[in-house]
Amino acid sequence: MNTETVSWQKLSRGLAIAALATGCASVQAENEVITVPGGFPGLVAGYLAEQSLPNSLALVPPVPSADSSALMLDKEISRRSFLLRDTARWALAASDADLDFPHAAGTFSCALDAQVSEAATPRLYKLLHRTLTDLGGATYAAKMHYNRARPFVWNNEPICTPKDRDILAKDGSYPSGHTAAGWGWALILTEISPAQGDAILKRGLSFGESRNVCNAHWHSDVVQARDVAAGTVARLYAQNDFRADLEAAQAELAAVRSKGLKPDRDCAAEAAALAVQPSLAQ
């Protein structure tokens, strides 16, 4: 097995990556909870077998070189993130950083204008939970190969989730696993709820930008993760159980809307925070 295609199931054993890379993990039971580095606790097994995950090392270009305009842009956007510290946008970025369930299940509830929860939308909840493992896991071939230092390691500035600092410092930055999850979810949810497509995609973009706001990822980490997400979603559509959950999730959302069940998040506060464009902060 290629040592660069280590899945999140393997990484769940801890940060001893070198010791794990020579083994071969089996796909786990659907409901088995696993723990992985990089701030992704409580994952369940995904829809894709390890060998079916896209190879992010083949999908993304090399890390920007030291004298490149891309790295200059990375540093400039990182600098601008300092201006958002302790603002509402910073607080939302910290919320977006929390990929634990049930919290993460409601990420797109305001964009969907519907309640998303294990009780109200169990198949959608499961779909989001399982695809988190697939989408994030697909980033690790490139993450492990490049082992790029995160911006907070370079600038020694705070991050929005200080409790994760030591773990993230040991986890490669390129491409962003959080961004892959958020953008992949956005692509899936636009299929489930096309009438809200623009709002969903906008939220998916902002979810990735939250990693810049947090000082946890470089701009190029975020941009390249979207390609990994798109490749992963394309492969998910070949899975019968994924498509079944997708169709069930559509029916669930229709039922939620017929009952008038609204998001349980403060959507006005979220909209106000998202009105701030991190790349334009002065």
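These legends go with several close-up views of a predicted model. Residue numbers start from 1 along each chain as its sequence is written, and side-chain values use heavy atoms, with hydrogens and water left out. As the model is a prediction, local features need pLDDT of at least 70 and side-chain atom pairs count only at pLDDT 80 or more, while totals for chains, interfaces and linings use all residues.

**View 1. The whole protein, as a starting point.** The protein has 15 helices and two strands; these are DSSP runs (helices H or I, at least four residues; strands E, at least two), numbered from the N terminus. It has 282 residues, and 53% of them count as buried, that is, under 20% relative accessible area with a 1.4 Å probe, protein chains only. Take contacts (heavy atoms within 4.5 Å) between residues at least 6 apart in sequence: 78% of these join residues at least 24 apart.

**View 2. Helix H7 against helix H13.** H7 (residues 122-137) and H13 (residues 219-236) pack with their axes 9 Å apart, at an angle of about 130 degrees. Axes are lines fitted to C-alpha atoms, for helices over the stretch in contact, and angles run from 0 to 180 degrees between N-to-C directions. The two helices are therefore oblique to each other, the class left over when angles under 35 degrees are roughly parallel, over 145 roughly antiparallel and 65 to 115 roughly perpendicular. On the H7 side, look for Thr-131, Asp-134 and Leu-135; H13 brings Ala-229, Thr-232, Val-233 and Leu-236. By class, that gives four nonpolar, two polar and one charged residues (Ala, Val, Leu, Ile, Met, Phe, Trp, Tyr, Cys and Pro are nonpolar; Asp, Glu, Lys and Arg charged; the others, Gly among them, polar).

**View 3. Helix H7 against helix H11.** Here the axes of H7 and H11 (residues 177-192) come within 9 Å and cross at roughly 140 degrees. H7 and H11 are therefore oblique to each other. Among the contact residues are Leu-124, Leu-128 and Gly-136 of H7, along with Gly-184, Trp-185 and Ile-188 of H11. This contact has eleven nonpolar, four polar and no charged residues.

**View 4. The buried side of helix H15.** In H15 (residues 267-274), the buried residues are Glu-270, Ala-273 and Leu-274. They cover an arc of only 95 degrees around the axis, so they sit on the same side of H15; the arc is that of the directions from the helix axis to the C-beta atoms. Their packing partners are helices H5 (88-97), H6 (109-112) and H12 (197-213).

Technical notes: Buried < 20%, exposed > 50% of the residue type's maximum accessible area, 1.4 Å probe, protein only.
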